[in-house]
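Q: I would like to learn how to read charged pairs and a ligand site in a model. Please take me through them one by one.

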Amino acid sequence: MITQAMISVEEALERVLSYVHRLEPEEQPIADALGQVLAEDAQAGFDIPPFDNTAMDGYAVRAADTNGASESSPVRLRVIGELAAGYVFEGEVTPGTAVRIMTGAPVPRGADAIVPFEETDETSTGSAGSAAGHRFGAFAKASSDVGVLKAARPGANIRRAGEDVRRGAVVMQEGAALGPAQIGVLASLGRATVRVYRRPVVAVLSTGDEVLDPGQPMSPGKIYDSNAYSVSAMVQEAGGIPRRLGIASDTVEALTAKLREGLDPSGSAQGRADLLITSAGVSRGDYDVVKDVLAKEGEIDFWTVRMKPGKPLAFGAFPAADGRRVPHIGLPGNPVSSMITFELFGRPAIYTMLGKTGWERPRVRAIAEERIENSDGRRVYARAILSQRDGRYHASLTGPQGSGILTSMALANALAVVPEDVRAIEPGDEVACLVIEGGGLSQ
Ligand code: AMP
Ligand code: MG
């Protein structure tokens with residue numbers, strides 16, 4: 001059934017999300033899990049750090065030995081050994097002795113403070129007879145001594161076992177999204193793999209007799225397929241695995257064949273698609289066959305979303321060869337429209353499949369530098385350049401806002417949003433901006 005009611009962006013999003021759900025967990029190497037979501041509680045099997053260790057290069061001492069030390073009357077200690085990070089000193093720091101020690105090395109038995117080199121009379125770190133060139137990182141040292149110039153408090157410059165994470169603690173809970181720091185924490189727990197919700201495989205299909213794959217020779221009346229590439233890149237950035245199905249010409253037969261082949265689970269080593277994204281063919285033109293094919297073969301809603309650019313949008317499910325119904329988003333053909341509708345509906349769908357809950361972009365209020373028009377009561381997403389000046393954000397447009405002008409998208413780091421009921425934003429007015437470029441702003 002085809003319905004063509006005009007619906008709000010929020011309502012469209014709700015309908016899109018009603019077709020998708022979180023995918024099942026998989027065990028993933030941690031290095032490949034960026035942007036995925038934990039399907040387990042990550043628990044520490046041991047303390048981190050695992051042992052008391054020194055935070056400084058210096059000397060491991062008994063703090064009591066250094067009482068009263070000063071520049072004018074240094075306390076002299078006998079150096080009984082050297083210890084590099086990665087080794088254990090087998091002996092013991094007894095009264096009147098010290099071990100020369102490097103950052104990260106375990107604090108030797110008997111020692112309760114580290115005196116940094118700067119607080120000793122050792123001027124350079126490369127003292128005679130140091131560990132340099134020695135085969136082992138821990139060894140007893142022929143007699144030499146060191147002058148301590150300042151009293152050390154017990155515990156000084158020692159990082160305690162478990163001060164970061166206690167053995168048995170749940171460090172990150174199920175549902176946590178993995179960024180670089182979270183992946184680092186998993187590595188510090190000794191985890192080579194982690195249980196996360198699977199990434200969706202997203203089939204991306206372009207349609208249109210005029211569309212050519214880049215690399216093909218240009219010919220009259222044709223244009224290169226930019227949508228498959230911009231949308232695949234957005235899929236990847238969102239955490240999905242894009243799989244380009246190529247281009248289907250504007251006939252029911254060609255499109256049906258491409259969809260069947262593309263969604264055939266035996267057809268690709270990358271696995272079956274969890275989501276299908278097509279571009280173009282959803283308007284009212286004579287050759288806009290996506291909607292016809294989907295209306296016939298699958299289940300489709302055909303909407304007009306109250307937004308600009310990108311108002312025609314289709315959503316439904318297409319039957320795959322194995323009987324699954326693959327959710328389908330039919331993006332408009334215009335290159336800017338397809339990117340912005342993907343941003344508003346495709347990215348949340350992928351996040352939902354990944355198990356992520358929030359997909360709101362950072363939103364800032366900026367001073368409009370130009371007039372931004374809203375001619376017909378839709379919500380306008382204008383391509384904007386957000387910059388910071390005098391402690392405020394300013395938004396200027398990237399140029400002509402036609403939905404075919406893809407370079408205007410390439411220049412933008414934000415979308416300035418004009419609400420449905422606002423006729424125009426005037427220069428100097430405040431405008432809400434969605435930050436779309438990596439969260440960082442050019443100055
Ligand atoms: P349609 O939705 O089929 O009416 O297409 C709208 C506009 O988008 C037309 O100017 C198409 O030529 C253009 N278009 C369609 N598909 C693509 C594509 N894959 N890459 C770039 N432009 C496209
Ligand atoms: Mg077309």
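Q: How many salt bridges does a search of the whole structure find?

A: Side chains of opposite charge can pair when their charged atoms come close. A salt bridge here is a side-chain nitrogen of Lys or Arg within 4 Å of a carboxyl oxygen of Asp or Glu. The search of the whole structure finds 30 salt bridges. This is a predicted model, in which local features need pLDDT of at least 70 and side-chain atom pairs count only at pLDDT 80 or more, while totals for chains, interfaces and linings use all residues. Residues are numbered from 1 along each chain as its sequence is written, chains are lettered from A and ligands numbered from 1 in the order in which they are written, and side-chain values use heavy atoms, with hydrogens and water left out.

Q: Where do arginine 15 and glutamate 11 lie?

A: Helices (H or I, at least four residues) and strands (E, at least two) are DSSP runs, numbered from the N terminus. Both residues are in helix H1 (residues 9-17), four residues apart, about one turn of the helix. Arginine 15 forms a salt bridge with glutamate 11, with the closest N and O atoms 3.1 Å apart.

Q: Which parts of the chain does the pair of arginine 198 and glutamate 24 link?

A: The side chains of arginine 198 and glutamate 24 meet in a salt bridge at 2.6 Å, N to O. This pair links distant parts of the chain, 174 residues apart: arginine 198 is in the loop between strand E13 (193-197) and strand E14 (201-207), and glutamate 24 is in the loop between H1 and strand E2 (25-29).

Q: Is arginine 198 buried or exposed?

A: Buried means under 20% relative accessible area, exposed over 50%, and partly exposed in between (1.4 Å probe, protein chains only). Arginine 198 is buried, at 17%, whereas glutamate 24 is partly exposed, at 43%.

Q: Which residues are closest to ligand 1?

A: A residue is near a molecule if one of its heavy atoms lies within 4 Å of it. Ligand 1 is surrounded by 17 residues, the closest being Glu210, Asp225, Ser226, Gly281 and Gly333.

Q: Which atoms of aspartate 225 and ligand 1 lie 2.8 Å apart?

A: A polar side-chain atom of aspartate 225 is at that distance from a nitrogen atom of ligand 1. For asparagine 334, a polar backbone atom is 3.2 Å from an oxygen atom of the ligand.

Conventions
A polar contact is a pair of N or O atoms within 3.5 Å; within protein, one must be able to donate a hydrogen and the other to accept it, and residues adjacent in sequence count only if both atoms are side-chain atoms.
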